[in-house]
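Work through the exercises below with the model open beside you. Try each task before you read its solution.

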Amino acid sequence: MHSITKLQATPFQDQFGRYKRKLRISVTDRCNFKCVYCMPEHPEWMHKHNLLSFEALYAFCKFMVQRGIEQIRITGGEPLMRQGVVHFVQQLQALRTLGLKRISMTTNGHYLKQYAQALKQAGLDDLNISLDSLDATQFQQLTQRKLAPVLEGIAEAKKVGLKLKINTVLMQSFNSNQIIPLVQWALQQHVELRFIEFMPLDGDKKWTQQEVVSEQYILEILSSQFNVQILEGQGAQPAHQYLVNGQALGIISTITNSFCGRCDRLRLNAQGEFYNCLFSLQGLNIKQDIEALSFYPQQNGTLLNSKLASYIWQKEQGFHSLMAQNQSSGLRKISMHMIGG
Ligand code: SAM
Ligand code: SF4
(Lines give C-alpha, C1' and ligand atoms only; values in the text may rest on other atoms or scores of the structure.)
(Ligands and ions follow the chains in the order given, each with its own letter.)
Protein backbone atom coordinates (compact mmCIF):
# COMPACT_ATOMS: atom_id res chain seq x y z
CA MET A 1 0.00 0.00 0.00
CA HIS A 2 1.22 3.55 -0.77
CA SER A 3 2.01 5.77 2.18
CA ILE A 4 0.35 9.21 2.35
CA THR A 5 3.64 10.92 1.57
CA LYS A 6 4.00 8.91 -1.65
CA LEU A 7 0.51 9.81 -2.78
CA GLN A 8 1.24 13.51 -2.22
CA ALA A 9 4.30 13.44 -4.50
CA THR A 10 3.47 15.67 -7.45
CA PRO A 11 6.48 15.68 -9.77
CA PHE A 12 7.87 18.95 -11.04
CA GLN A 13 6.98 19.59 -14.65
CA ASP A 14 8.31 21.93 -17.33
CA GLN A 15 6.39 23.97 -19.89
CA PHE A 16 6.76 21.19 -22.47
CA GLY A 17 5.06 18.60 -20.25
CA ARG A 18 8.19 16.74 -19.19
CA TYR A 19 7.96 15.40 -15.62
CA LYS A 20 11.10 15.31 -13.51
CA ARG A 21 11.94 11.97 -11.96
CA LYS A 22 15.74 12.02 -11.77
CA LEU A 23 18.08 14.14 -9.70
CA ARG A 24 21.85 14.36 -10.03
CA ILE A 25 23.79 15.62 -7.06
CA SER A 26 27.37 16.69 -7.59
CA VAL A 27 29.13 16.40 -4.23
CA THR A 28 32.43 17.98 -5.29
CA ASP A 29 34.00 19.65 -8.32
CA ARG A 30 37.43 18.26 -7.43
CA CYS A 31 38.92 15.44 -9.39
CA ASN A 32 42.18 13.52 -9.55
CA PHE A 33 41.81 13.13 -13.35
CA LYS A 34 42.20 15.74 -16.04
CA CYS A 35 40.15 14.32 -18.88
CA VAL A 36 40.72 16.37 -22.05
CA TYR A 37 36.99 16.53 -22.76
CA CYS A 38 36.10 17.80 -19.27
CA MET A 39 38.63 19.44 -16.97
CA PRO A 40 40.18 22.83 -17.75
CA GLU A 41 43.97 23.09 -17.72
CA HIS A 42 43.78 25.42 -14.70
CA PRO A 43 40.66 24.59 -12.67
CA GLU A 44 39.50 27.05 -10.03
CA TRP A 45 38.11 24.76 -7.34
CA MET A 46 35.08 25.71 -5.33
CA HIS A 47 36.02 26.82 -1.81
CA LYS A 48 35.39 24.03 0.69
CA HIS A 49 33.40 26.35 2.96
CA ASN A 50 30.99 27.00 0.07
CA LEU A 51 30.08 23.33 -0.32
CA LEU A 52 26.76 22.09 0.95
CA SER A 53 27.14 19.73 3.90
CA PHE A 54 25.87 16.17 3.55
CA GLU A 55 23.25 17.05 6.15
CA ALA A 56 21.91 19.80 3.88
CA LEU A 57 22.18 17.58 0.80
CA TYR A 58 20.16 14.92 2.58
CA ALA A 59 17.46 17.43 3.53
CA PHE A 60 17.29 18.52 -0.12
CA CYS A 61 17.10 14.94 -1.40
CA LYS A 62 14.25 14.25 1.02
CA PHE A 63 12.45 17.37 -0.15
CA MET A 64 12.87 16.33 -3.80
CA VAL A 65 11.79 12.72 -3.25
CA GLN A 66 8.63 14.07 -1.64
CA ARG A 67 8.13 15.93 -4.93
CA GLY A 68 8.36 12.92 -7.17
CA ILE A 69 12.08 12.26 -7.62
CA GLU A 70 12.57 8.50 -7.95
CA GLN A 71 16.25 8.22 -8.85
CA ILE A 72 19.26 9.99 -7.38
CA ARG A 73 22.70 9.85 -8.98
CA ILE A 74 25.74 11.00 -7.01
CA THR A 75 28.42 12.50 -9.20
CA GLY A 76 31.25 15.07 -9.21
CA GLY A 77 34.08 15.97 -10.05
CA GLU A 78 35.06 12.66 -8.62
CA PRO A 79 32.47 11.74 -5.95
CA LEU A 80 34.77 9.25 -4.21
CA MET A 81 37.13 12.13 -3.39
CA ARG A 82 34.63 13.68 -0.99
CA GLN A 83 34.93 12.26 2.48
CA GLY A 84 31.67 10.95 3.86
CA VAL A 85 30.10 10.02 0.52
CA VAL A 86 29.63 6.35 1.48
CA HIS A 87 27.78 7.40 4.62
CA PHE A 88 25.63 9.70 2.47
CA VAL A 89 24.63 6.70 0.31
CA GLN A 90 23.66 4.90 3.50
CA GLN A 91 21.61 7.89 4.73
CA LEU A 92 19.69 8.03 1.44
CA GLN A 93 18.32 4.54 2.09
CA ALA A 94 15.79 6.13 4.48
CA LEU A 95 14.19 7.86 1.48
CA ARG A 96 13.13 4.60 -0.13
CA THR A 97 10.00 4.54 2.04
CA LEU A 98 9.11 7.95 0.59
CA GLY A 99 9.37 6.74 -3.01
CA LEU A 100 13.09 6.74 -3.89
CA LYS A 101 13.70 3.75 -6.15
CA ARG A 102 17.31 3.97 -7.18
CA ILE A 103 20.59 5.36 -5.83
CA SER A 104 23.44 5.43 -8.33
CA MET A 105 26.91 6.90 -8.71
CA THR A 106 29.12 7.99 -11.62
CA THR A 107 32.84 7.61 -10.96
CA ASN A 108 36.17 7.53 -12.77
CA GLY A 109 36.83 4.25 -10.93
CA HIS A 110 40.28 5.19 -9.61
CA TYR A 111 39.34 4.70 -5.93
CA LEU A 112 36.80 1.96 -6.51
CA LYS A 113 38.98 -0.92 -5.39
CA GLN A 114 39.03 0.72 -1.97
CA TYR A 115 35.33 1.68 -1.83
CA ALA A 116 33.35 -0.92 -3.82
CA GLN A 117 32.55 -3.18 -0.88
CA ALA A 118 31.51 -0.26 1.36
CA LEU A 119 29.31 1.20 -1.40
CA LYS A 120 27.59 -2.14 -1.86
CA GLN A 121 27.02 -2.44 1.88
CA ALA A 122 25.72 1.14 2.04
CA GLY A 123 23.01 0.15 -0.45
CA LEU A 124 24.17 1.69 -3.73
CA ASP A 125 22.12 0.21 -6.58
CA ASP A 126 24.47 0.75 -9.48
CA LEU A 127 27.54 2.48 -10.84
CA ASN A 128 28.55 4.13 -14.09
CA ILE A 129 32.30 3.94 -14.51
CA SER A 130 34.17 6.03 -17.05
CA LEU A 131 36.71 4.19 -19.21
CA ASP A 132 37.86 5.86 -22.41
CA SER A 133 40.66 3.60 -23.55
CA LEU A 134 42.18 0.18 -22.94
CA ASP A 135 45.55 1.38 -24.17
CA ALA A 136 47.53 2.47 -21.10
CA THR A 137 49.47 5.18 -22.95
CA GLN A 138 46.37 6.60 -24.58
CA PHE A 139 44.49 6.45 -21.28
CA GLN A 140 47.27 8.46 -19.64
CA GLN A 141 47.11 11.06 -22.45
CA LEU A 142 43.35 11.37 -22.05
CA THR A 143 43.14 11.52 -18.25
CA GLN A 144 46.70 12.16 -16.99
CA ARG A 145 46.23 9.12 -14.76
CA LYS A 146 46.98 5.40 -14.89
CA LEU A 147 44.65 2.82 -16.38
CA ALA A 148 45.45 -0.09 -14.03
CA PRO A 149 43.65 1.21 -10.88
CA VAL A 150 40.49 1.77 -12.93
CA LEU A 151 40.54 -1.81 -14.27
CA GLU A 152 41.14 -3.06 -10.72
CA GLY A 153 38.25 -0.91 -9.48
CA ILE A 154 35.94 -2.37 -12.13
CA ALA A 155 36.99 -5.91 -11.19
CA GLU A 156 36.32 -5.19 -7.51
CA ALA A 157 32.91 -3.66 -8.20
CA LYS A 158 31.96 -6.79 -10.16
CA LYS A 159 33.31 -9.02 -7.41
CA VAL A 160 31.18 -7.42 -4.69
CA GLY A 161 28.10 -7.63 -6.94
CA LEU A 162 27.56 -3.97 -7.86
CA LYS A 163 25.60 -3.50 -11.07
CA LEU A 164 27.64 -1.41 -13.47
CA LYS A 165 27.83 0.23 -16.86
CA ILE A 166 30.92 1.60 -18.57
CA ASN A 167 30.84 5.12 -20.08
CA THR A 168 33.19 6.02 -22.91
CA VAL A 169 33.41 9.53 -24.34
CA LEU A 170 34.78 9.28 -27.86
CA MET A 171 36.85 12.01 -29.49
CA GLN A 172 37.85 11.70 -33.13
CA SER A 173 41.56 12.53 -32.73
CA PHE A 174 42.07 10.81 -29.34
CA ASN A 175 40.31 7.48 -28.91
CA SER A 176 38.05 6.75 -31.89
CA ASN A 177 40.29 3.71 -32.49
CA GLN A 178 38.93 2.23 -29.24
CA ILE A 179 35.44 1.38 -30.50
CA ILE A 180 36.22 -2.22 -31.46
CA PRO A 181 38.64 -3.04 -28.58
CA LEU A 182 36.23 -1.65 -25.96
CA VAL A 183 33.28 -3.59 -27.35
CA GLN A 184 35.33 -6.79 -27.45
CA TRP A 185 36.41 -6.19 -23.87
CA ALA A 186 32.83 -5.44 -22.74
CA LEU A 187 31.61 -8.66 -24.37
CA GLN A 188 34.27 -10.65 -22.54
CA GLN A 189 33.53 -8.91 -19.25
CA HIS A 190 29.74 -9.18 -19.66
CA VAL A 191 29.32 -5.49 -18.88
CA GLU A 192 27.17 -2.93 -20.67
CA LEU A 193 29.14 -0.30 -22.53
CA ARG A 194 27.81 3.13 -23.50
CA PHE A 195 29.50 5.38 -26.01
CA ILE A 196 28.91 9.10 -25.41
CA GLU A 197 29.26 11.79 -28.07
CA PHE A 198 31.65 14.56 -27.01
CA MET A 199 29.58 17.56 -25.84
CA PRO A 200 30.59 21.25 -25.83
CA LEU A 201 30.91 21.30 -22.03
CA ASP A 202 34.67 20.98 -21.65
CA GLY A 203 36.47 23.40 -19.35
CA ASP A 204 38.71 25.03 -21.95
CA LYS A 205 36.02 25.29 -24.65
CA LYS A 206 38.03 23.28 -27.15
CA TRP A 207 35.00 21.38 -28.43
CA THR A 208 34.59 21.22 -32.20
CA GLN A 209 32.08 19.37 -34.32
CA GLN A 210 35.00 17.57 -36.03
CA GLU A 211 35.96 15.94 -32.72
CA VAL A 212 32.49 14.40 -32.30
CA VAL A 213 32.33 10.68 -33.08
CA SER A 214 28.73 10.35 -34.17
CA GLU A 215 26.30 7.53 -33.41
CA GLN A 216 26.12 6.89 -37.16
CA TYR A 217 29.91 6.43 -37.40
CA ILE A 218 30.01 4.17 -34.32
CA LEU A 219 27.30 1.96 -35.83
CA GLU A 220 29.16 1.72 -39.13
CA ILE A 221 32.32 0.57 -37.36
CA LEU A 222 30.40 -1.88 -35.16
CA SER A 223 28.45 -3.37 -38.06
CA SER A 224 31.70 -4.25 -39.83
CA GLN A 225 32.66 -6.62 -37.01
CA PHE A 226 29.59 -7.54 -34.98
CA ASN A 227 25.96 -8.44 -35.31
CA VAL A 228 24.16 -5.20 -34.39
CA GLN A 229 20.43 -4.98 -33.67
CA ILE A 230 18.51 -1.90 -32.57
CA LEU A 231 16.23 -2.19 -29.53
CA GLU A 232 13.01 -0.17 -29.47
CA GLY A 233 11.36 1.55 -26.49
CA GLN A 234 13.99 3.92 -25.13
CA GLY A 235 11.65 5.71 -22.68
CA ALA A 236 13.40 8.51 -20.76
CA GLN A 237 16.82 6.85 -21.16
CA PRO A 238 19.37 9.08 -22.91
CA ALA A 239 21.03 6.13 -24.65
CA HIS A 240 19.84 4.47 -27.82
CA GLN A 241 19.93 0.79 -27.03
CA TYR A 242 21.43 -1.89 -29.25
CA LEU A 243 22.26 -5.56 -29.01
CA VAL A 244 25.80 -6.26 -30.15
CA ASN A 245 26.42 -9.98 -30.57
CA GLY A 246 23.47 -10.40 -28.22
CA GLN A 247 24.75 -8.06 -25.48
CA ALA A 248 23.33 -4.64 -24.55
CA LEU A 249 25.21 -1.54 -25.74
CA GLY A 250 24.08 2.10 -25.50
CA ILE A 251 24.97 5.20 -27.51
CA ILE A 252 24.27 8.64 -26.05
CA SER A 253 24.20 10.88 -29.08
CA THR A 254 23.33 14.25 -27.57
CA ILE A 255 24.86 16.13 -30.49
CA THR A 256 23.53 14.23 -33.50
CA ASN A 257 20.32 12.89 -31.94
CA SER A 258 19.46 14.69 -28.71
CA PHE A 259 17.05 13.18 -26.18
CA CYS A 260 15.92 16.63 -24.89
CA GLY A 261 12.31 15.83 -25.82
CA ARG A 262 12.18 13.15 -23.13
CA CYS A 263 14.46 14.73 -20.52
CA ASP A 264 13.33 14.00 -16.94
CA ARG A 265 16.48 15.21 -15.12
CA LEU A 266 17.39 17.92 -12.67
CA ARG A 267 20.81 18.77 -11.28
CA LEU A 268 22.37 20.34 -8.20
CA ASN A 269 26.05 21.21 -7.97
CA ALA A 270 28.19 21.01 -4.85
CA GLN A 271 27.71 24.65 -3.88
CA GLY A 272 23.94 24.67 -4.21
CA GLU A 273 23.38 25.85 -7.77
CA PHE A 274 20.41 24.14 -9.34
CA TYR A 275 20.20 23.45 -13.10
CA ASN A 276 17.10 22.61 -15.13
CA CYS A 277 19.37 21.56 -18.03
CA LEU A 278 22.94 20.31 -18.39
CA PHE A 279 23.49 23.13 -20.89
CA SER A 280 21.93 25.93 -18.78
CA LEU A 281 23.91 29.13 -19.00
CA GLN A 282 23.46 29.81 -15.31
CA GLY A 283 22.20 27.87 -12.31
CA LEU A 284 19.68 29.01 -9.73
CA ASN A 285 21.46 29.55 -6.43
CA ILE A 286 19.39 27.81 -3.75
CA LYS A 287 22.14 27.13 -1.21
CA GLN A 288 20.55 29.24 1.51
CA ASP A 289 17.10 27.84 0.81
CA ILE A 290 18.48 24.30 1.14
CA GLU A 291 20.27 25.12 4.37
CA ALA A 292 17.07 26.67 5.72
CA LEU A 293 15.16 23.42 5.15
CA SER A 294 16.38 22.12 8.52
CA PHE A 295 14.72 25.11 10.24
CA TYR A 296 10.97 25.59 9.86
CA PRO A 297 10.85 22.93 7.12
CA GLN A 298 7.20 23.62 6.29
CA GLN A 299 7.59 27.35 5.67
CA ASN A 300 11.02 27.16 4.01
CA GLY A 301 9.92 24.16 1.96
CA THR A 302 6.98 26.10 0.55
CA LEU A 303 9.28 28.93 -0.45
CA LEU A 304 11.81 26.62 -2.11
CA ASN A 305 9.02 24.72 -3.81
CA SER A 306 7.68 27.81 -5.55
CA LYS A 307 11.19 28.94 -6.60
CA LEU A 308 11.97 25.55 -8.11
CA ALA A 309 8.57 25.06 -9.73
CA SER A 310 8.87 28.31 -11.66
CA TYR A 311 12.53 27.74 -12.63
CA ILE A 312 11.87 24.17 -13.78
CA TRP A 313 8.77 25.28 -15.69
CA GLN A 314 10.96 27.61 -17.76
CA LYS A 315 13.25 24.81 -18.97
CA GLU A 316 14.08 25.28 -22.64
CA GLN A 317 12.80 22.83 -25.23
CA GLY A 318 16.26 21.65 -26.20
CA PHE A 319 19.92 22.41 -25.72
CA HIS A 320 20.54 23.82 -29.19
CA SER A 321 18.84 27.10 -28.33
CA LEU A 322 20.97 27.37 -25.16
CA MET A 323 24.15 26.79 -27.16
CA ALA A 324 23.14 29.55 -29.57
CA GLN A 325 22.41 31.93 -26.66
CA ASN A 326 25.77 31.11 -25.14
CA GLN A 327 27.60 31.81 -28.36
CA SER A 328 26.21 35.32 -28.42
CA SER A 329 26.41 36.03 -24.65
CA GLY A 330 29.39 33.88 -23.50
CA LEU A 331 27.52 33.65 -20.19
CA ARG A 332 28.16 30.06 -19.28
CA LYS A 333 31.11 29.77 -16.91
CA ILE A 334 30.75 26.20 -15.67
CA SER A 335 32.10 23.03 -17.25
CA MET A 336 31.25 19.37 -16.89
CA HIS A 337 33.41 18.78 -13.79
CA MET A 338 31.32 21.36 -11.88
CA ILE A 339 27.92 19.98 -12.75
CA GLY A 340 28.57 16.27 -12.97
CA GLY A 341 27.31 15.12 -16.34
N1 SAM B 1 34.33 11.88 -12.36
C2 SAM B 1 33.24 11.01 -12.65
C3 SAM B 1 33.42 10.31 -13.97
O4 SAM B 1 34.27 10.75 -14.76
O5 SAM B 1 32.72 9.34 -14.22
C6 SAM B 1 31.91 11.71 -12.59
C7 SAM B 1 31.79 13.10 -13.17
S8 SAM B 1 31.96 13.19 -14.93
C9 SAM B 1 31.77 14.91 -15.21
C10 SAM B 1 30.41 12.47 -15.45
C11 SAM B 1 30.37 11.95 -16.86
O12 SAM B 1 30.47 13.04 -17.75
C13 SAM B 1 31.47 10.96 -17.24
O14 SAM B 1 30.91 9.80 -17.79
C15 SAM B 1 32.26 11.72 -18.26
O16 SAM B 1 32.84 10.86 -19.18
C17 SAM B 1 31.21 12.62 -18.88
N18 SAM B 1 31.73 13.80 -19.55
C19 SAM B 1 32.57 14.74 -19.06
N20 SAM B 1 32.80 15.72 -19.96
C21 SAM B 1 32.09 15.39 -21.07
C22 SAM B 1 31.92 16.00 -22.35
N23 SAM B 1 32.51 17.15 -22.68
N24 SAM B 1 31.10 15.39 -23.24
C25 SAM B 1 30.49 14.22 -22.93
N26 SAM B 1 30.60 13.61 -21.73
C27 SAM B 1 31.41 14.18 -20.81
FE1 SF4 C 1 37.27 14.07 -13.55
FE2 SF4 C 1 35.14 12.77 -14.42
FE3 SF4 C 1 35.82 15.15 -15.48
FE4 SF4 C 1 37.34 13.05 -15.98
S5 SF4 C 1 35.19 13.30 -16.59
S6 SF4 C 1 38.09 15.08 -15.34
S7 SF4 C 1 37.19 11.91 -14.13
S8 SF4 C 1 35.15 14.80 -13.41
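The model is predicted: local features need pLDDT of at least 70, side-chain atom pairs count only at pLDDT 80 or more, and totals for chains, interfaces and linings use all residues. Residues are numbered from 1 along each chain as its sequence is written, chains are lettered from A and ligands numbered from 1 in the order in which they are written, and side-chain values use heavy atoms, with hydrogens and water left out.

**Exercise 1. Classify the packing of H2 and H3.**

Step 1. Find the helices. H2 covers residues 54-65 and H3 covers residues 85-92. Helices (H or I, at least four residues) and strands (E, at least two) are DSSP runs, numbered from the N terminus.

Step 2. Take the geometry. The angle is about 30 degrees, and the axes are 11 Å apart. Axes are lines fitted to C-alpha atoms, for helices over the stretch in contact, and angles run from 0 to 180 degrees between N-to-C directions.

Step 3. Apply the classes. Angles under 35 degrees count as roughly parallel, over 145 as roughly antiparallel, 65 to 115 as roughly perpendicular and the rest as oblique. H2 and H3 are therefore roughly parallel.

Step 4. List the contacts (heavy atoms within 4.5 Å). From H2 come Phe54, Leu57, Tyr58 and Cys61; from H3 come Val85, Phe88, Gln91 and Leu92. This contact of H2 with H3 has seven nonpolar residues, one polar and no charged. Ala, Val, Leu, Ile, Met, Phe, Trp, Tyr, Cys and Pro count as nonpolar, Asp, Glu, Lys and Arg as charged, and the others, Gly among them, as polar.

**Exercise 2. Classify two aromatic pairs.**

Step 1. Learn the rule. Rings of Phe, Tyr and Trp (its six-membered ring) pair if their centres lie within 6.5 Å; planes under 30 degrees apart count as stacked, over 60 as edge-to-face and the rest as tilted.

Step 2. The whole structure has six aromatic pairs. For Phe33 and Phe139, the ring centres are 6.1 Å apart and the planes stand at 85 degrees, so this pair is edge-to-face. Phe33 is in the loop between strand E1 (22-26) and H2, while Phe139 is in H5 (residues 136-143), 106 residues apart.

Step 3. Check burial (buried is under 20% relative accessible area, exposed over 50%, partly exposed in between; 1.4 Å probe, protein chains only). Phe33 is buried at 5%, and Phe139 is buried at 1%.

Step 4. The rings of Phe279 and Phe319 have centres 4.4 Å apart and planes at 25 degrees, so this pair is stacked. Phe279 is buried at 3%, and Phe319 is buried at 3%.

**Exercise 3. Is Glu156 buried or exposed?**

Step 1. Glu156 is in H6 (residues 148-159).

Step 2. Its relative accessible area is 15%, so Glu156 is buried.

Step 3. Beyond its neighbours within four places in sequence, Glu156 contacts Leu112, Lys113 and Ala116.
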